[in-house]
Amino acid sequence: MKRNKMRHFLVPILLVAAMVVSVTGCGEKFDASRYVKGCLDASTKGVFEDYVAMTNTTEEQAKKEYEERMNSEVEAMTGSISMSEEMQEKYRTLYKDIYSKYKYEVGEAKEGENDSFTVPVKTYRLKIFEKTMEETQTKVEEEVKKNKSASTEETMQLYLETLANVLTEKLQNPEYGEEETIEVNLSVNSSSNEYEMSSADVTKLFAALDDVGQAQ
């Protein structure tokens, strides 16, 4: 189970890259809260309406970015273990389900100096990865004891299947941590005249959505 810092390093990069788009010069006051919510919904739930409305990104582009994020998560989770197309699709579906369970509430934006904004986001950490590897390993070892002739490849495939089952089971009745508020700052890039979120804030925000940092 390859769950490490790479995961929350990768996701904010993809999210920030998607958010650095032209949103100024429209003749209307910038709705920072809708912008943040739209970006979060597009990145985690595959809901693109606000994201497309607030940026110059098409729905087709947004969907492509979303699918790429899911593929990256599957690669980070399973590492170098070979997977059949069927198993890859199973994990992509699983990750979409995990992301769809992320719980957050975007609050009212506060305008600051130089057209900047601060948007409070209440997060509730999804308890999904903690001890997952330990549970999976225990189940796999029990099965291997029953079938001592299993090859390395068979054991790896058993691991993938078991890991998916453990995560799926946890998603049936998802548990969440206590409320935590993350302040997300937005400012206009002086070079491009486009709004962008602070990458440090986005990293902190995604880190608060699940318990990957506490996984064993």
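How are H2 and H4 oriented to each other? I kept in mind that I was reading a predicted model. I found that H2 and H4 pack with their axes 8 Å apart, at an angle of about 50°. H2 and H4 are therefore oblique to each other, since an angle has to be under 35 degrees to count as roughly parallel and 65 to 115 to count as roughly perpendicular. Next I listed who meets whom: H2 brings Ala42, Ser43, Thr44 and Lys45, while H4 brings Tyr66, Arg69 and Met70. I sorted the residues of this contact into three nonpolar, two polar and two charged.

Entry on alanine 42. I picked Ala42 out of that contact between H2 and H4. Alanine 42 sits in helix H2, which covers residues 32–45. Is alanine 42 buried or exposed? Its relative accessibility is 3%, so alanine 42 counts as buried, the cut-off for buried being under 20%. I then looked for its partners beyond four places in sequence and found Val47, Phe48, Tyr51, Tyr66 and Arg69. I also checked glutamate 59, which is 17 residues from alanine 42 in sequence and 9.7 Å from it in space, C-alpha to C-alpha.

Entry on H4 and H5. I moved along to helix H4 (residues 59–78) and helix H5 (residues 85–100), whose axes come within 9 Å and cross at roughly 105°. That makes H4 and H5 roughly perpendicular to each other. On the H4 side I noted Tyr66, Glu67, Met70, Asn71, Glu73, Val74, Met77 and Thr78, and they meet Tyr91, Arg92, Tyr95, Lys96 and Tyr99 of H5. This contact holds seven nonpolar, two polar and four charged residues.

Entry on the core. The largest nonpolar core has 49 residues, and Phe30, Tyr91, Tyr95, Ile98, Val121, Phe129 and Leu186 touch the most other members. I reminded myself that in soluble globular proteins nonpolar side chains tend to be buried together. What does tyrosine 91 touch, leaving out residues up to four places away in sequence? I wrote down Val74, Met77, Thr78, Met83, Leu160, Leu163 and Ala164.

Entry on H6 and H7. Leu163 also turns up in the contact between these two helices. Helix H6 (residues 132–146) and helix H7 (residues 152–172) have axes that come within 9 Å and cross at roughly 130°. H6 and H7 are therefore oblique to each other, and H6 passes H7 in a right-handed crossing. From H6 the contact includes Thr132, Met133 and Val140, and from H7 it includes Leu158, Leu163 and Val166. I counted off eight nonpolar, five polar and four charged residues there.

Entry on two loop residues. Most residues other than glycine have a negative phi, so I went looking for exceptions. Asparagine 114 has a positive phi of about 55° although it is not a glycine. Asparagine 114 lies in the loop between strand E2 (110–111) and strand E3 (117–127), and at 70% relative accessibility it counts as exposed. Lysine 131 also has a positive phi, of about 65°, without being a glycine. Where is lysine 131 found? Lysine 131 belongs to the loop between E3 and H6. Its relative accessible area is 39%, so lysine 131 is partly exposed.

Technical notes:
Residues are numbered from 1 along each chain as its sequence is written. This is a predicted model: local features need pLDDT of at least 70, side-chain atom pairs count only at pLDDT 80 or more; totals for chains, interfaces and linings use all residues. Side-chain values use heavy atoms; hydrogens and water are left out. A nonpolar core is a set of buried Ala, Val, Leu, Ile, Met, Phe, Trp, Tyr and Cys residues joined through side-chain atoms within 4.5 Å. Buried means under 20% relative accessible area, exposed over 50%, partly exposed in between (1.4 Å probe, protein chains only). Contact means heavy atoms within 4.5 Å. Axes are lines fitted to C-alpha atoms, for helices over the stretch in contact, and angles run from 0 to 180 degrees between N-to-C directions. Helices (H or I, at least four residues) and strands (E, at least two) are DSSP runs, numbered from the N terminus. Angles under 35 degrees count as roughly parallel, over 145 as roughly antiparallel, 65 to 115 as roughly perpendicular and the rest as oblique. A crossing is left-handed if the near helix is turned anticlockwise from the far one by less than a right angle, and right-handed if clockwise. Ala, Val, Leu, Ile, Met, Phe, Trp, Tyr, Cys and Pro count as nonpolar, Asp, Glu, Lys and Arg as charged, and the others, Gly among them, as polar.
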